[in-house]
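Subject: Structure handover

Hello,

Here is the structure we spoke about. Please have it open while you read on.

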Amino acid sequence: MPCRSMSKPVYTGETFFNSNSHHKLRRSIRVYKMATLNRHRTGNAVAKFIRRNLLVILIFMSMLFGIVLGCVLRTTGSLVDRRNHFYLKFPGDIMLNTLRMVSVPLVVSSIVSSLASLSMKTSGSIGLKALIYYLVTTVCAVITGTIGIVVISIGKEAAEQPGKISNGMSQLDSVLDIMRNVLPDNLVKATFSKKQTVLSKYNVEIVNDTGSVIFNNTANIVGRNWSSSFKSVEVPTVISVPGTNMMGLIVVSIFLGCVLSSMEDKAKPLVDFFQCIYQAMMRLILIFIWFTPVGLTFMIAATVVRMEKPTEALQELVVFIPTVLFCLMLHGFGTVPFMYFLVTRKNPYKFIRNMSKALLTAFGTASSAAALPFTMDELIKKNKVNSRVVNFIAPIGATVNMDGIALYIPMLTIFISHRLGFILDPARYVVIGLSAIGVSIGAAAIPGTGLMIMTVAAIAVGLPADQVLFTATFDWIL
């Protein structure tokens, strides 16, 4: 039988209330305290998330603010003068200079120190698998881009009298350039220049026999009449062009790291030297990288301001640009994650989320070299990849594995061909694909090289180079 005292009023000194009300009050207080504690925990979690991802948030906001700032400055017309535009992009130039400054010592020291600490058998196995992976993804990118641009071109009629593709640089020249740069003749010079084949014009004298003879006074033949003319011919010539020969530095670093690995204890002083350089470069980057949001803001704003007649260009590219973006997204968030899942049986999008800082930096700076420090840091700390593997593979991948440009080259060259009314046979598609693979491998991992690489690719397949400038307005976003 329940106790009646539980329902008796209780005197508290001021008023009487039922004991059940007392329990309800205590329960309400507990609920209030728990809610307050949960809010406090949520606030701490949000603050912790912001502190942990502050740089990513700042980079994302800087890109948005840069676009807005560029649009505002375009409407005011205050930056029509090239001098004002030069001043606007100055912070972005400083940011890129700091990242480029540490890229060469970072890449060289990371490869040498990592290979020197690995056994020859292990490094050879890892390197072979990496090269196979890079080649497979590049080929997949070329196929994706080719299929994408062919699909949107179905049904378009070619010109009644299709133009003839002009002769120019061949894909063989691009392959030979890569081989020349693989083993540089001067390591110091390789840090600021590389070899490239160009067409040089020479005037060649051509002598023609007119067929007539010359007689003397005694009617004897003493000679023949000759005529000469000059013809301009184009001859391939190898020159040095500005730009870091990162391919050559990587190959030499691989050889040096393998040799140091075979020397064991004798190589310890030199290995310690490269390890010290690598650690110093990483600390230096952690200092410089906080200037990235400021530099990105002004660099993107300057890019938006520099666009010439974007509306007119957009009207003709209204189908091409979305197709390029779709193919890039398909490769980046479809093909590559599928390959990752196929090999590791892990969630690829969790891996991508952990690489957000590197991806945003690469997108904002248009440079995989600028994002390399973030790539290596997040691979090691967030995705728990072995540091020796990261130090060996990441710099090579940032230089060799250019899937984006490999996908874009066939799309743009085929688009230009259809736009000019050129008819492409299956053999020409193969040539375009091979050129895309070769040119993308030799592409520099720095911003501003997109148009140059596309020009080389267009010449390699015999297209007019000036047609590449047609998409220059939207080159940055593509």
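This is a predicted model: local features need pLDDT of at least 70, side-chain atom pairs count only at pLDDT 80 or more; totals for chains, interfaces and linings use all residues.

Residues are numbered from 1 along each chain as its sequence is written, and side-chain values use heavy atoms, with hydrogens and water left out.

Overall picture

The protein chain has 19 helices and four strands. Both are DSSP runs numbered from the N terminus: helices are H or I with at least four residues, strands are E with at least two. Of its 478 residues, 39% count as buried. Buried means under 20% relative accessible area, exposed means over 50%, and partly exposed lies in between (1.4 Å probe, protein chains only). Now take contacts, meaning heavy atoms within 4.5 Å. Among those in the protein chain with a separation of 6 or more, 78% come from residues 24 or more positions apart.

Helix α12

Helix α12 covers residues 320–344, 25 residues in total. From first C-alpha to last, α12 reaches 35 Å, close to the 36 Å expected at 1.5 Å a residue. The expected span is 1.5 Å times one less than the number of residues. Where does α12 bend? The bend is at His-331, by about 35°. That is the angle between axes fitted to the seven residues ending there and the seven starting there. His-331 is also one of the buried residues of α12. Others in that list include Phe-320, Cys-327, Pro-337 and Met-339.

Arg-345 follows α12. Arg-345 sits in the loop between α12 and α13 (348–354). Its phi is near 60°, a positive value in a residue other than glycine. Arg-345 counts as exposed, at 57% relative accessibility.

Lys-384 lies in the loop between α15 (372–381) and α16 (387–400). Phi of Lys-384 is near 55°, again positive in a residue other than glycine. Lys-384 is exposed, with a relative accessible area of 67%.

The α15 and α16 pair

These two helices pack at an angle of about 150°, with axes 10 Å apart. Axes are lines fitted to C-alpha atoms, for helices over the stretch in contact, and angles run from 0 to 180 degrees between N-to-C directions. So α15 is roughly antiparallel to α16, a label for angles over 145 degrees. From α15, the contact is made by Leu-372, Met-376, Leu-379 and Ile-380. From α16, the contributors include Val-390, Ala-394 and Ala-398.

Best wishes

Note on methods. Angles under 35 degrees count as roughly parallel, over 145 as roughly antiparallel, 65 to 115 as roughly perpendicular and the rest as oblique.
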